[in-house]
Amino acid sequence: MATDEHVKVAIIGSGPAGYTAAVYAARAALSPVMIRGLQPGGQLTITTDVENWPGETSIMGPDLMMKMEEQCRHLGTDIRDDMVTEVDLSRRPFTLKLESGGRVVADSVIIATGAQARWLGIEGETKFRGFGVSACATCDGFFYRGKTVAVVGGGNTAVEEAMFLTNFAEKVYLIHRRDELRADATNQARLFANKKVEPVWNSTVADVIGDEDPLSVTGVRLTGTDGAPDRELAVSGLFIAIGHDPATHLFKGQLDMDEDGYIRTAPDSTATSVAGVFAAGDVKDHLYRQAVTAAGMGCMAALEAERLLGAEETAEPESLAAE
Ligand SMILES: Cc1cc2nc3c(=O)[nH]c(=O)nc-3n(C[C@H](O)[C@H](O)[C@H](O)COP(=O)(O)OP(=O)(O)OC[C@H]3O[C@@H](n4cnc5c(N)ncnc54)[C@H](O)[C@@H]3O)c2cc1C
């Protein structure tokens, strides 16, 4: 790549938000350049069936992301297999430093770096991820109709995931390492009133147990944090709800963020605290965290970038004339 290449729109990230931003920016003749990072295709590439993407009854996550990539390439997006390692958003055009050593200078930047679910870090969790282990009840709860599942966590997210799962599952264990939850009182009251939920206190998941053929979860091995002996709990699904980490370390100190590190944007907009920088998808959203909402925000970001650049272009002759 040429150093200090100047582009109109640089998109950081290649999940549903980044690819949708690219579709809209390319169709607006903005010749977007996408830096797609270490996980081309984003989080959906580590899941199996996706059944809530409009227009697809069921599609494998990696296949869906491949289709998005193909569409972007077809429309002329310049997709780079590289990583942004540093940004300077203090003045426009903005500068992005790349791992490969090059730099991209951009009139506008769309941040679509997503978030990563926190995992327990145990062996069985990796093996059964997408085959009974999940970090998203909204995405996968539907597959557990009439079954018994467990949720790990003690905060509001864990309680909300557990409550959501009661719509499908026959029984939901909520496994927590302490003997009380961190979730707020209203959430706790709702949870404890639900007969399908059974808290499992003072316990951590030591391992996931399952069958090989087909790969599927049959239970979890629990370790007592209070000295109680290990025991097994029979479940068909395990939902990890111990939080997410937005990929925003690059932008710390340069953009407004909330206390959890999510980028703050203006109401009903993807505009960040720096004019010309937009944020879309899970990097700014700890509420919905869905492919379709990320894609919607990617669309918004590209339209907002297009409007800003268009307005500046038409304003330029006037401001020059006024000088
Ligand atoms: C296991 C699992 C299953 C899921 N199932 C579903 C489902 O069935 N339906 C659904 O709607 N949602 C599902 N989700 C949620 C969905 O995947 C996310 O909401 C969605 O992917 C968010 O899209 P995004 O574009 O914001 O970010 P992400 O998909 O997180 O993509 C982020 C992108 O940013 C890139 N990146 C990060 N840092 C840098 C950097 N420094 N430089 C360059 N690039 C960078 C990464 O490489 C990646 O391409 C699931 C999530 C998981 C983890």
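Domain bounds here come from an automatic or database domain assignment. With that in mind, the chain of this predicted model splits into domain 1 (5-116 + 244-322) and domain 2 (119-240). Take the centres over C-alpha atoms and you get 33 Å between domain 1 and domain 2. Where the two domains touch, domain 1 puts in six residues and domain 2 puts in five residues. On the domain 1 side of that contact, you'll find one nonpolar, four polar and one charged residue.

Now for the ligand. There are 41 residues around it, and the ones that come nearest are Gly 15, Gly 37, Gly 42, Gly 114 and Gly 281. As for secondary structure, the elements giving two or more residues to this shell are α1 (16-27), β9 (115-117) and α7 (291-322). Sort the shell by class and it comes out as 23 nonpolar, 15 polar and three charged residues. Both domains take part, too: domain 1 and domain 2 each supply at least three residues to the shell.

Next, have a look at Phe 131. You'll spot Phe 131 in the loop that runs between α3 (123-127) and β10 (133-134). Leaving out residues up to four places away in sequence, Phe 131 touches Leu 215 and Ser 216. Ala 26, on the other hand, sits 105 residues from Phe 131 in sequence and 36 Å from it in space, C-alpha to C-alpha.

Conventions
Residues are numbered from 1 along each chain as its sequence is written. This is a predicted model: local features need pLDDT of at least 70, side-chain atom pairs count only at pLDDT 80 or more; totals for chains, interfaces and linings use all residues. A residue is near a molecule or strand if its C-beta atom, placed from the backbone, lies within 6 Å of it. Helices (H or I, at least four residues) and strands (E, at least two) are DSSP runs, numbered from the N terminus. Ala, Val, Leu, Ile, Met, Phe, Trp, Tyr, Cys and Pro count as nonpolar, Asp, Glu, Lys and Arg as charged, and the others, Gly among them, as polar. Two residues are in contact if their C-beta atoms, placed from the backbone, lie within 7 Å.
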